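Please consult the sequence and structure shown below while reading.

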Amino acid sequence: MAVDLTRIKRNRTQAPLTLDEQTMRDMGYRVIDAVVDHLTDIRNQKVLNVKSGRDLERLLGQPLPRDPQNFDKLMDDLENHVFQNITHHDHPRFFAFVPGPGNYAGALAEMLTNGFNVFCGTWIGGAGASEIELITLEWLRRLVGFPAGARGVFLSGGSEAGLVAMATARNVKLNNDPKNAIVYCSDQTHKSLDRNLWLLGFRPEQIVRLPSDDQFRLQPSVLSARIEADRRAGLRPFCVIANAGTTNTGSIDPLVDLSVICRREDLWLHADGAYGAGAVFCEPGRKALEELGLVDSVGLDPHKWMFQPYSAGCVMVRNGFDLRRTFSYSAEYLKLIEESDEPNFCDYGIQLTRDFRALKLWFSLKVFGADAFEAAQVRGMELAEIVEKRMRQKRNWHITSSARLAVVTFRFQPSDLDEATCDELNREIVETFNGTGYGMVIYTKLNDRTVIRMCTINPRTRDVEIQQVLDLLDHIALSLYKSLIGRIA
Ligand SMILES: Cc1ncc(COP(=O)(O)O)c(C=O)c1O
């Protein structure tokens with residue numbers, strides 16, 4: 001049904017920015033239809049759509065509208081020129097970076113929280129919403145294995161989770177003075193760490209990235225030796241950032257050994273679980289992340305492997321008081337007061353006005369049940385194993401890191417090509433494959449060599465799609481290889 005917005009202009013009895021009931025319902029139905037059409041038709045859409053800024057400006061650039069516009073035209077423009085020109089991170093054949101499979105219940109929860117315009121910064125501002133946040137955090141706390149005194153907060157994503165955790169660590173261990181302090185992590189740690197530490201007043205040389213082992217994990221003996229050397233040099237080791245699932249290979253650093261070192265050396269141990277720690281919803285994930293409860297803080301992203309729409313991150317701190325005394329918005333003396341059962345979430349992070357991010361996770365867990373989350377995560381892990389198995393069977397392909405937490409990497413490497421030529425060839429394979437629009441993968445560097453990486457956390461991916469993607473990669477690789485050989489000969 002067409003939505004007539006010109007009625008708004010004519011209806012002088014209504015306050016500005018107000019719609020009559022029928023118009024609101026009609027607009028809502030039109031919006032819901034657009035979302036459902038997208039979700040049910042996504043397989044037929046191209047994964048990757050990137051137009052130039054100039055082309056998009058030509059399609060979308062318009063002066064500020066003074067009057068209500070034609071709503072159907074507006075929706076058509078959005079569907080045809082905006083949502084058709086994004087890379088669909090929720091596409092079942094999107095395997096690049098970290099996919100964002102999303103879920104419909106989570107999307108509806110966003111509509112609800114925006115519709116009710118929930119303020120979740122203080123208890124008085126949003127008691128019911130804060131209670132849901134507390135309940136959802138409590139579910140996560142138990143899954144992570146933190147003690148009852150742990151506290152957390154929902155925020156924008158892994159980057160902000162790292163920032164809040166590092167600010168807490170700086171406060172607790174350094175009394176906020178970063179001079180000569182050193183943070184340790186592996187060469188696989190996510191780049192957002194550097195920006196977070198820069199924001200907190202650390203210089204690049206205060207971040208020590210140590211070489212990882214053959215499974216891309218931080219090596220405790222290398223860490224211990226470096227801490228000792230730094231102390232001898234008069235520096236102040238204060239924090240270790242462990243990976244609970246690297247973006248590159250899904251590797252998990254040895255959390256038990258790291259926690260022993262950190263306790264002995266009085267260092268803060270943070271786990272970046274933005275990608276991997278979401279897997280605590282499933283048995284194999286919990287097993288792999290078994291010792292997560294030993295760390296001082298952990299970041300985990302609902303908008304990654306907990307299937308929530310962007311954006312939703314979460315940070316949890318083992319000793320909740322550390323988080324609160326670092327961020328408390330209240331007067332200084334209040335920081336010492338025992339926390340009540342009715343927290344003001346503005347005291348746990350950097351936002352005062354906060355939206356109700358917990359709702360989408362809570363709502364989708366209620367709608368689908370945690371068993372469905374478990375099944376979805378197990379499916380993601382299986383898909384990566386299928387990729388590994390099939391690539392092992394293909395000629396000239398080598399697995400460069402086995403399926404771990406739904407991430408697998410491989411490389412096309414015929415024996416007659418040198419490493420550098422193979423690097424270039426693998427880049428070309430990825431670019432050509434992505435150019436087809438059928439699927440999307442990425443290349444990354446492991447041990448200085450270019451490899452192809454797939455992250456298979458979308459539970460809607462079908463076996464046959466995996467087969468087709470791998471066959472297409474192989475086909476592209478062979479034809480690029482043949483033309484390369486032809487050029488060399
Ligand atoms: C391991 C890891 N840490 C941190 C981040 C940053 O998270 P966000 O993009 O949600 O800020 C990412 C993003 O992919 C990640 O994979």
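Helices (H or I, at least four residues) and strands (E, at least two) are DSSP runs, numbered from the N terminus. The model is a predicted one, in which local features need pLDDT of at least 70 and side-chain atom pairs count only at pLDDT 80 or more, while totals for chains, interfaces and linings use all residues. Residues are numbered from 1 along each chain as its sequence is written, and side-chain values use heavy atoms, with hydrogens and water left out.

- Asn-196 is found in helix α8, which covers residues 192-199.
- Asn-196 has a relative accessible area of 5% and is therefore buried (buried means under 20%, exposed over 50%, partly exposed in between, with a 1.4 Å probe and protein chains only).
- Apart from neighbours within four places in sequence, Asn-196 is in contact with Ser-159, Gly-162 and Leu-163 (contact means heavy atoms within 4.5 Å).
- Val-208 belongs to strand β3, residues 207-210, and counts as buried because its relative accessibility is 5%.
- Beyond its neighbours within four places in sequence, Val-208 has contacts that include Ile-182, Tyr-184, Cys-185 and Asp-230.
- Val-208 lies 9.5 Å from Val-240, C-alpha to C-alpha, with the two 32 residues apart in sequence.

**Domains and their interface**

- The protein is divided into domain 1 (6-77), domain 2 (108-368) and domain 3 (377-488), with bounds from an automatic or database domain assignment.
- The centres of domain 2 and domain 3, taken over C-alpha atoms, are 32 Å apart.
- To the contact between them, domain 2 gives 22 residues and domain 3 gives 18 residues.
- About 1600 Å² is buried between domain 2 and domain 3, with 63% of this area from carbon and sulfur atoms (buried area is the accessible area, 1.4 Å probe, that two parts lose on being put together, summed over both).
- On the domain 2 side, Phe-216, Asn-248 and Trp-305 lose the most area to domain 3, together 36% of what that side buries.
- There are 0 salt bridges between domain 2 and domain 3 (a salt bridge is a side-chain nitrogen of Lys or Arg within 4 Å of a carboxyl oxygen of Asp or Glu).

**A nonpolar surface patch**

- Val-31, Ile-32, Val-35, Val-36, Leu-39 and Tyr-104 make a nonpolar surface patch of about 390 Å².
- Patches are made of residues with over 30% relative accessible area and no salt bridge, and nonpolar side chains (Val, Leu, Ile, Met, Phe, Trp, Tyr) are joined within 5 Å, like charges within 9 Å.
- Accessible areas come from the Shrake-Rupley method with a 1.4 Å probe, and for residues only the protein chains shown count as cover.
- Helix α2 (residues 21-41) gives the most to this patch, with 5 residues.
- Leu-39 lies in helix α2 and counts as partly exposed because its relative accessibility is 39%.
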